[in-house]
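Morning, everyone. I'll take you through a few spots in one protein, and please keep the structure open while I talk.

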Amino acid sequence: MNILVYSTRNFEKHYLIKANKSKHSITFIKESLSPETVDKAKGYDVISLTPSDDASELTIEKLKEYGINYISLRCTGYDNVNISLASISGIQVANVPAYSPYAIAEFATSLLLAINRKLIISNERINQYNFNIDKLTGFDLNNKTIGIIGTGKIGAVMTKIMNGFGCNILGYDVNINQHLIDNFNMEYVSIKELCEKSDVISLHVPLNQSTKHLIDEKLLNKMKSNIIIINTARGAVINTKDVIKALENNQIAALGMDVYENEDGVFFKDLSDNIPNDEILKKLISMPNVLLCSHHAFLTEEALTNIAETTFYNIDCWSKNKETENQLTI
Ligand code: NAD
C-alpha cells in the first residue's frame with residue numbers, strides 16, 4: 001500500500017517506521033489534512049491522520065475523488081472525522097481504540113498534582129532564586145472527593161489511581177462499570193450531584209454532540225469554589241469562555257488542561273515568533289491558576305509504540321482484505 005502520513009511529528013516517525021516493518025511505502029508530511037492540503041493525497045491508497053487533521057465533509061469528498069479507500073487514525077478520538085460521510089463514500093476508517101490509558105490518566109494526575117501543589121509557580125520562583133513559599137498552599141487529596149466524568153478505559157485507570165490516593169470517587173457515565181463499583185468504591189451519581197460534591201473533576205468522555213460544552217455556566221455554578229477541573233479529554237467538552245469567567249469570579253479554583261477548544265492549527269507548532277491572535281488562549285496562558293499543556297498526555301514510549309503498531313495492524317488487515325476490529329462505523 002502507498003500511505004501518506006499527514007501531520008507527522010518528529011517524535012513518532014521512528015515508531016511508525018519500525019511498526020511498518022518495511023511492508024508498505026510511506027510518505028511522511030508535516031502538514032495537516034485540510035481543504036488546502038487534501039490534494040497531496042492524490043496517488044495514495046491510504047492516509048493516516050491525527051486529531052489535528054480535518055476529515056470533515058470538505059475533505060472527505062475530495063479524498064473519495066482521489067481514490068483514497070482507507071483512513072488509518074493514529075489516535076482514539078475521531079470527532080474530527082465525518083464517519084458517516086466516509087462510510088457512504090466507501091472510505092473505511094479505523095482508529096487506535098486503546099494505546100495506553102495509563103499514559104493519559106497518569107498525565108491527568110500530573111496536571112492535578114502540579115496545579116494543586118503549585119509546582120510550576122514554585123519552580124518559576126526558584127529560577128529567579130526566590131525561595132519564598134508564600135501562596136503555595138494546596139490541599140491533601142486523601143479523603144477528598146473526585147468526580148470522574150467518563151469511566152471508560154482512561155476514566156477507569158484514573159479511578160484506580162485516585163483510589164490509591166485515598167479519594168472518595170464519584171462517577172458519571174452513560175454506561176456503568178461494575179468493576180469500578182466493586183473494586184474502587186466508585187459511586188455513580190447524576191452529573192449535577194457529581195458537580196456539587198466534587199473537590200476535583202477529571203474529564204474522560206469523548207467529544208460528541210451530547211458532551212460538547214458539557215461543563216458550562218450552569219454546572220460551574222453548582223461546583224464548590226475550591227474545585228480543580230482537569231481536562232485531558234477534548235477541549236470542547238468544556239465551554240472555555242464560561243470556565244474563564246468562573247475562574248475570574250473565584251467560582252472555581254483552578255483548571256488543568258491538555259486540550260483546548262481552539263487548539264487546531266496552534267498546538268504542536270512553535271508559534272513563538274508568530275503568536276496566534278486568539279484572545280481566549282492568551283487569557284488562559286496569562287492566568288496563574290490555569291495549567292495548559294499542548295495535547296501531549298499520550299506522549300509515552302509505550303503509547304507511541306502501541307499507536308504505531310495498531311496503525312499498521314489496521315493497514316495490514318485492509319491490505320489483506322480482512323476487516324479490522326478497529327473499524328469505525330456510524
Ligand atoms: P472510552 O470509550 O473507553 O471511554 C469513554 C467513556 O465515556 C465511555 O465509558 C462512554 O460510555 C462515556 N460517554 C460517552 N458519551 C458520554 C456522555 N454523553 N455522557 C457520559 N458518558 C459518556 O474512551 P477512553 O479511551 O477512555 O478515552 C476518552 C477520551 O479521552 C477520548 O475520546 C479522547 O477524546 C480523549 N483522549 C485524549 C488523549 C490526550 O492525549 N489528551 C489521548 C487519548 C484519548
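Threonine 324 counts as buried, because its relative accessibility is 2% and the cut-off for buried is under 20%. Bear in mind that this is a predicted model. What does the side chain of threonine 324 reach? It reaches the backbone nitrogen of asparagine 326, at 2.9 Å.

Next, two residues with a backbone angle to note. Start with serine 7. Serine 7 is not a glycine, yet it has a positive phi of about 55°. You'll find serine 7 in the loop between strand 1 (2-5) and helix 1 (10-20). Is serine 7 buried or exposed? Its relative accessibility is 0%, so serine 7 counts as buried.

Now go to the loop between helix 1 and strand 2 (25-28). Lysine 21 is there. Lysine 21 also is not a glycine, and its phi is positive, about 50°. Buried or exposed, for lysine 21? Lysine 21 counts as exposed, because its relative accessibility is 62% and exposed means over 50%. So we have serine 7 counted as buried, and lysine 21 counted as exposed.

On to the ligand. How many residues are around the ligand? There are 24. Those that come nearest are Tyr99, Lys153, Ile154, Asp173 and Ser210. By class, the shell holds ten nonpolar, ten polar and four charged residues.

Let's go through some contacts. Glycine 152 has a backbone N or O atom 3.4 Å from an oxygen atom of the ligand. Valine 174 puts a polar backbone atom 3.4 Å from a nitrogen atom of the ligand. Arginine 234 uses its side chain: an N or O atom there is 3.3 Å from an oxygen atom of the ligand. How much of the ligand does the protein bury? Taken alone, the ligand exposes 860 Å², and the protein buries 87% of that.

First, the second largest pocket. Its space comes to about 360 Å³. The elements that give two or more residues to its lining are helix 4 (101-116), helix 5 (119-127) and strand 12 (290-292). Which of them gives the largest share? Helix 5 does, with five residues.

Last stop, the cavities. How many are there of 30 Å³ or more? The count is one. The largest cavity has a volume of about 30 Å³. Find its lining on your screen: Asn231, Gly235, Ile238, Thr240, Leu255, Met257, Val259 and Glu261. Of the lining residues, four are nonpolar, three are polar and one is charged.

To recap on the two loops: serine 7 sits between strand 1 and helix 1, and lysine 21 sits between helix 1 and strand 2. For the second largest pocket, remember helix 5 and its five residues. That's my tour.

Methods:
Residues are numbered from 1 along each chain as its sequence is written. This is a predicted model: local features need pLDDT of at least 70, side-chain atom pairs count only at pLDDT 80 or more; totals for chains, interfaces and linings use all residues. Side-chain values use heavy atoms; hydrogens and water are left out. On a 1 Å grid over the protein atoms alone, a cavity is a set of points where a 1.4 Å probe fits but cannot get out, and a pocket is an open set with protein on both sides within 12 Å along at least five of seven lines; lining residues have an atom within 4 Å of a point. Grid points are joined across faces, edges and corners, and a volume is the space filled by probe spheres set on the points. Helices (H or I, at least four residues) and strands (E, at least two) are DSSP runs, numbered from the N terminus. Ala, Val, Leu, Ile, Met, Phe, Trp, Tyr, Cys and Pro count as nonpolar, Asp, Glu, Lys and Arg as charged, and the others, Gly among them, as polar. A residue is near a molecule or strand if one of its heavy atoms lies within 4 Å of it. A polar contact is a pair of N or O atoms within 3.5 Å; within protein, one must be able to donate a hydrogen and the other to accept it, and residues adjacent in sequence count only if both atoms are side-chain atoms. Accessible areas come from the Shrake-Rupley method with a 1.4 Å probe; for residues, only the protein chains shown count as cover. Buried means under 20% relative accessible area, exposed over 50%, partly exposed in between (1.4 Å probe, protein chains only).
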